[in-house]
Amino acid sequence: MKVSRLLVIWLSVLTAVTVYADDRRAKVNYQLHCQGCHTGDGSGHPGRQIPTLTNYMGKFLTVEGGREFLIQVPGAAQSQLNDIELAELTNWMLKSFDPETAKKGFEPYSATEVGQLRKSMVLDFTGTREALVKKIEIANNY
Ligand code: HEC
């Protein structure tokens, strides 16, 4: 077997292991830092102002400003997680809670992007969210 072929196999194994490890760490971080409010399956408590992430979270990525918003919400931006952990956690949440949208493909967050985004806060959170939800409704013909 050629060396280059061995290298390709080795790299794929390495990638698979890394992705698995990141997902496992993301899940633990979700349980420790987010689940208390957002619940285990992401369904939240809509009646108590904790929005449902299940089958919805990914829709924010389909409208302008939504990608920034998912990182700039206080629970995410101001968490104790570092940029690498918050990026992998958000990517994991998108895949786990909104697999249908994630399957269509999305650009995963990088630590650098997350670091930039969390520097600026959303001041009028409710207004920003309402505007995004309106855009999502229009885009999806609800
Ligand atoms: C103390 C409760 C609480 C914790 C803990 C919490 N959140 Fe939230 N989260 C909220 C609330 C409430 C909202 C709705 C917007 C708001 O008022 O901040 C929200 C909204 C969000 C949203 C936007 C979804 C939407 O539809 O508006 C994301 C993404 C999010 N949180 C991620 C996280 C992540 C990631 C963590 C853990 C690192 C986390 N949250 C921890 C309460 C919490």
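Leu-7, Trp-10 and Leu-11 together form a nonpolar patch on the surface of this predicted model, and the accessible area of the three residues comes to about 330 Å². Leu-11 belongs to helix H1, which covers residues 3–33, and this residue is partly exposed, with a relative accessible area of 44%. The points below move from the protein as a whole to the iron site, the salt bridges, and a few individual residues.

**The protein as a whole**

- The secondary structure consists of eight helices and zero strands, and read from the N terminus the order of elements is therefore α-α-α-α-α-α-α-α.
- Along the principal axes, the C-alpha trace of the protein spans about 60 × 35 × 30 Å.
- The protein has 142 residues, of which 35% are buried.
- The protein exposes about 9100 Å², and carbon and sulfur atoms supply 59% of that area.
- When contacts between residues at least 6 apart in sequence are considered, 64% of them join residues that are at least 24 apart.

**The iron site**

- The iron atom of the ligand has a single donor from the protein, namely the NE2 atom of His-38, at 2.0 Å.
- His-38 is part of helix H2, which covers residues 35–38.
- Thr-39 is found in the loop between H2 and H3, and its phi is near 65°, a positive value in a residue other than glycine.
- Thr-39 counts as buried because its relative accessibility is 16%, which falls under the limit of 20%.

**A second residue with positive phi**

- Most residues other than glycine have a negative phi.
- Gln-49, which is not a glycine, has a positive phi of about 70°, and its place is also in the loop between H2 and H3.
- Is Gln-49 buried or exposed? With a relative accessibility of 69%, Gln-49 counts as exposed, because this value is over 50%.

- A search of the whole structure finds five salt bridges, and three of them are described here, beginning with the pair of Lys-95 and Asp-23, whose closest N and O atoms are 3.5 Å apart.
- This pair links distant parts of the chain, since Lys-95 lies in helix H5 (residues 83–97) and Asp-23 in helix H1, 72 residues apart.
- Lys-95 is partly exposed, with a relative accessible area of 38%, and Asp-23 likewise counts as partly exposed, at 24% relative accessibility.
- Glu-113 and Arg-67 meet through their side chains in a salt bridge, with an N to O distance of 2.7 Å.
- The pair again joins distant parts of the chain, with Glu-113 in helix H7 and Arg-67 in helix H3, 46 residues apart.
- Arg-118 forms a salt bridge with Asp-83, and the closest N and O atoms of this pair are 2.7 Å apart.
- Arg-118 counts as buried at 16% relative accessibility, while Asp-83 is partly exposed, with a relative accessible area of 27%.

**The surroundings of Arg-67**

- A polar atom of the Arg-67 side chain lies 3.5 Å from the backbone oxygen of Pro-108.
- Leaving aside residues up to four places away in sequence, Arg-67 touches several others, including Phe-60, Leu-61, Tyr-109 and Leu-117.

**Two further residues in helices**

- Ala-111 lies in helix H7 (residues 111–117) and is partly exposed, with a relative accessible area of 26%.
- The C-alpha atom of Ala-111 is separated by 7.8 Å from that of Glu-85, although these two residues are 26 residues apart along the chain.
- Which residues are in contact with Ala-111, once its neighbours within four places in sequence are left aside? They are Asp-83, Ile-84 and Ala-87.
- Thr-101 is placed in helix H6 (residues 99–103), and this residue is buried, with a relative accessible area of 14%.
- Beyond residues up to four places away in sequence, Thr-101 touches Gly-58 and Lys-59.

Note on methods:
Residues are numbered from 1 along each chain as its sequence is written. This is a predicted model: local features need pLDDT of at least 70, side-chain atom pairs count only at pLDDT 80 or more; totals for chains, interfaces and linings use all residues. Side-chain values use heavy atoms; hydrogens and water are left out. Donors are N, O and S atoms within 2.8 Å of the metal (3.2 Å for Na, K and Ca); water is not among the atoms, so sites may look incomplete. Helices (H or I, at least four residues) and strands (E, at least two) are DSSP runs, numbered from the N terminus. Patches are made of residues with over 30% relative accessible area and no salt bridge: like charges are joined within 9 Å, nonpolar side chains (Val, Leu, Ile, Met, Phe, Trp, Tyr) within 5 Å. Accessible areas come from the Shrake-Rupley method with a 1.4 Å probe; for residues, only the protein chains shown count as cover. A salt bridge is a side-chain nitrogen of Lys or Arg within 4 Å of a carboxyl oxygen of Asp or Glu. Buried means under 20% relative accessible area, exposed over 50%, partly exposed in between (1.4 Å probe, protein chains only). Contact means heavy atoms within 4.5 Å. A polar contact is a pair of N or O atoms within 3.5 Å; within protein, one must be able to donate a hydrogen and the other to accept it, and residues adjacent in sequence count only if both atoms are side-chain atoms.
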